Amino acid sequence: MKIKALLYKDFLLLIRDKAGLALLFLMPLFLVMIMAYLQESTFNTITESRVPMLLLNADRDSLGNAVENYIISTNIFDVHTQIGNDSLTEIDLERAVARGEYRIGIVVPKNTTANIRRQVHKIVHNAFFNKQQTVILDSMNVTIFVDPTTKNSFRATIESAIRENAVIIQSQFINNEIFKRVNKIVPTPISDFSFYNNPIKIRVQYARLDESRIIPNSVQHNVPAWGMFAIFFIVISLSGNMIKEREDGSFARLITMPCPYWVYILSKIIVYLFVCLLQLTLMFLMGLFILPLLQLPELTFGHSWAALILMSLSSSLAAIGYGIIIGKIALSYQQASIFGSISVVIMAAIGGVWIPTFLMPHPMQILSNLSPLNWGLSGFYDIFVRDGNWTTVLPETAMLTTFFALCTFVAVFYDKKKRRE
């Protein structure tokens, strides 16, 4: 009867704040939707020819045409070669990029290929006639104009690709000149053995365990990440209810009934476990039914429901344990809400929810191992990205459950100590 009455009391406390309850469920759902949509949009910007580029190929020879063909073949850029009906000049191109009308502009100067061919001819000629004269190559600049708002990493990628193509073309010129010179010297001409196709093909794909059918995408990453973030935010509601009971005298009356403290805690755990599991369920359902309506990929659950249940329970318990210890130690509702919200944000930041841990400095990578959100995120990634089974998530489940047990033990111990005082 005691636990039944406590459950009813905690349920009433939970539903009494209807605005807070709505925020508890709706805000995480909107957060997942927005973040998944933004990241998917960013991914599409890189892979679906949505980056506007202005190209001036004044060379109209091997190098210029190779650069142009390469850029078009990447399917990353929306390539334009003129502005309106007017002929394009370098000044017009630079101004258009500076105004933000195009993200990037490339100028291949006139006679670039001819100059390379002429200089390579000198080098080969000196080599065959045993001349020790050093040939100083003239500089030939392929200019890249970048929108000032473009990141340096993007600019470096384009510059690297153009340099690579220039080296390939120059090697082809050297090869052709060698054959031309050799055929003029030897009595029997030899044929060109250059390859017309690259025999080595590069295939890029995600690494998979066994016969995994999961393809990583923004939904598979964002739903578990922000799901962990959402359930840990129940610390504000849970700790706030505990403090309100202390302030209005309800907790003192419960203890004098008598009511063991562990029963009081057990009631909180059961009610908020239901809340956390409902939060995760709503997020999973949104990934399954709502996000595809926004032209996003559908959430794929993997093949192990046991792993999903284990991670959902252990993550929820860890969040509840953290809320219990804050609610017991904090002296006021303001302390609990401020410390709870800020600490969850910090744990999410160092835990890899916002920035992947492999991009962090090494000290931060070590520190991330102390965040419960990192443990939960790693476990959910094992399910939603790596398609792991229940044994795969056992380490993360054990750490989260231990964290819950430790927080609960400290809260009970602290309560006993305070009542003795």
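Me: Which residues touch the most other members in the largest nonpolar core?
Reply: They are F232, F284, I320, Y322 and F380, in a core of 64 residues. A nonpolar core is a set of buried Ala, Val, Leu, Ile, Met, Phe, Trp, Tyr and Cys residues joined through side-chain atoms within 4.5 Å. Buried means under 20% relative accessible area, exposed means over 50%, and partly exposed is in between, with a 1.4 Å probe and protein chains only.

Me: Before I go on, what sort of model is this?
Reply: It is a predicted model, in which local features need pLDDT of at least 70, side-chain atom pairs count only at pLDDT 80 or more, and totals for chains, interfaces and linings use all residues. Residues are numbered from 1 along each chain as its sequence is written, and side-chain values use heavy atoms, leaving out hydrogens and water.

Me: What does F380 touch?
Reply: Not counting residues up to four places away in sequence, F380 touches P224, M228, L280, F284, L308, M311, S312, S315 and V385. Contact means heavy atoms within 4.5 Å. Apart from this core lies another one of twelve residues, among them M53, L55, F77 and V120.

Me: L308 is on that list. Where does it lie, and is it buried or exposed?
Reply: L308 lies in helix α11, and it counts as buried because its relative accessibility is 6%. Leaving aside neighbours within four places in sequence, L308 is in contact with F284, F301, F380, I383 and F384. L308 and W390 are 82 residues apart in sequence, yet their C-alpha atoms are 7.7 Å apart in space.

Me: And E396, what does that one touch?
Reply: E396 is found in helix α15. Its contacts, not counting residues up to four places away in sequence, are M311, W375, S378, G379 and D382. At 12% relative accessibility, E396 counts as buried.

Me: New topic. What is the order of the strands in the sheet?
Reply: The order is β2-β1-β3-β4, in an open sheet of four strands with mixed pairing. The edge strands, each pairing on one side only, are β2 (77-80) and β4 (143-146). Two strands pair if DSSP finds at least two bridges between them.

Me: Which strands are parallel and which antiparallel?
Reply: β1 and β2 pair in the parallel sense over four bridges, with P52 opposite D78 in β2. β3 (residues 104-108) and β4 pair in the antiparallel sense, also over four bridges, and there I104 stands opposite V146 in β4.

Me: Why is β1 called largely enclosed?
Reply: Because six of its seven residues are buried, β1 is largely enclosed by the rest of the structure. Helix α3 (residues 62-73) lies across β1 (51-57), β2 and β3, running at about 165° to β1. Axes are lines fitted to C-alpha atoms, for helices over the stretch in contact, and angles run from 0 to 180 degrees between N-to-C directions.

Me: Last one. How many helices and strands are in the protein?
Reply: There are 15 helices and four strands. Of the 421 residues, 42% count as buried.

Note on methods: Helices (H or I, at least four residues) and strands (E, at least two) are DSSP runs, numbered from the N terminus.
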